[in-house]
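Dear colleague,

Please find the structure below, handed over for your records. My findings follow it.

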Amino acid sequence: MTPSKPLSAIYIRVSTEDQAKHGISLQAQEETLKNYCNALGYDIFRIYRDEGKSAKDIKHRPQMVQMLSDAESKKFQAIFIYKLDRFSRSLMDLVSTIEKLKEWGIDFVSMQDKIETTSASGKLMFHIISAFAEFERNVTSERTRFTMKAKFQNGGLITKAPLGYKIINKELFPAENSYIVQEIFQAFLNTEISLTQLSKKYNLSVNGLKKILANKTYLGKVKFAGQVADGKHNPLISWDLFNKVQEKLNTK
């Protein structure tokens with residue numbers, strides 16, 4: 001009895017722009033990949049076609065999404081594509097997807113680029129691509145952190161407005177309900193009301209109330225990476241009130 005051949009999936013994609021510029025048709029990709037699969041000893045499980053779809057992301061390509069779902073279910077053993085840019089133009093997107101395939105035990109073959117995960121040389125090439133993707137991630141992370149740090153040092157690092165403030169043009173300004181913050185601090189300090197009762201009064205959780213009582217934003221400060229600096233916004237409470245509230249919080 002002849003042993004059954006491993007199954008492969010073929011993925012082909014062409015956008016309207018690709019066809020206009022290069023004349024790369026779905027049919028041309030399909031026929032070439034069919035022959036390539038057969039030459040390498042694979043039977044074809046299914047051909048997945050995304051026509052007129054961009055390569056910017058995967059989630060908006062229904063056939064790609066279906067193929068990855070079938071891959072996770074191990075309905076085939078390998079994915080064949082014509083060229084890497086048919087799969088994705090995002091290096092990080094490409095690498096993360098191939099890493100998922102590796103976890104699922106699915107091989108990946110890009111015919112034109114001579115990249116595949118079935119041989120030692122192919123795996124080496126993929127590791128090189130992965131290294132570049134990791135470098136790109138690190139550079140992006142450093143650039144983002146540098147930008148955030150610069151904003152922090154200038155007192156403008158605000159990602160979300162806490163109770164009593166609103167954001168206008170990426171800056172904090174006292175909101176119409178800013179008086180509530182003063183009420184909460186004074187009630188906690190000068191009455192015997194419990195945290196549970198006080199949180200219910202203002203429709204907050206106990207943890208949410210504790211965060212408000214310990215939030216230095218109300219002192220006109222901004223915080224980033226464990227550091228505190230002067231913000232551009234106006235404080236809602238005084239240092240004296242804040243410190244007395246912290247002392248009472250610690251005793252509780």
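This is a predicted model: local features need pLDDT of at least 70, side-chain atom pairs count only at pLDDT 80 or more; totals for chains, interfaces and linings use all residues.

Residues are numbered from 1 along each chain as its sequence is written, and side-chain values use heavy atoms, with hydrogens and water left out.

The mean pLDDT (the predictor's confidence in each residue, from 0 to 100) is 81 for the chain, and 74% of the residues score at least 70. Helix H1 (residues 16-22) has the lowest confidence, with a mean of 49, and helix H7 (residues 179-190) the highest, at 94. Helices (H or I, at least four residues) and strands (E, at least two) are DSSP runs, numbered from the N terminus.

H7 packs against helix H10 (residues 239-251) at about 45°, their axes lying 10 Å apart. Axes are lines fitted to C-alpha atoms, for helices over the stretch in contact, and angles run from 0 to 180 degrees between N-to-C directions. H7 is therefore oblique to H10 (angles under 35 degrees count as roughly parallel, over 145 as roughly antiparallel, 65 to 115 as roughly perpendicular and the rest as oblique).

Leu-40 sits in the loop between helix H2 (26-39) and strand E2 (43-51). Leu-40 is partly exposed, at 47% relative accessible area (buried is under 20%, exposed over 50%, partly exposed in between, with a 1.4 Å probe and protein chains only). Its C-alpha atom is 9.9 Å from that of Pro-6, 34 residues away along the chain.
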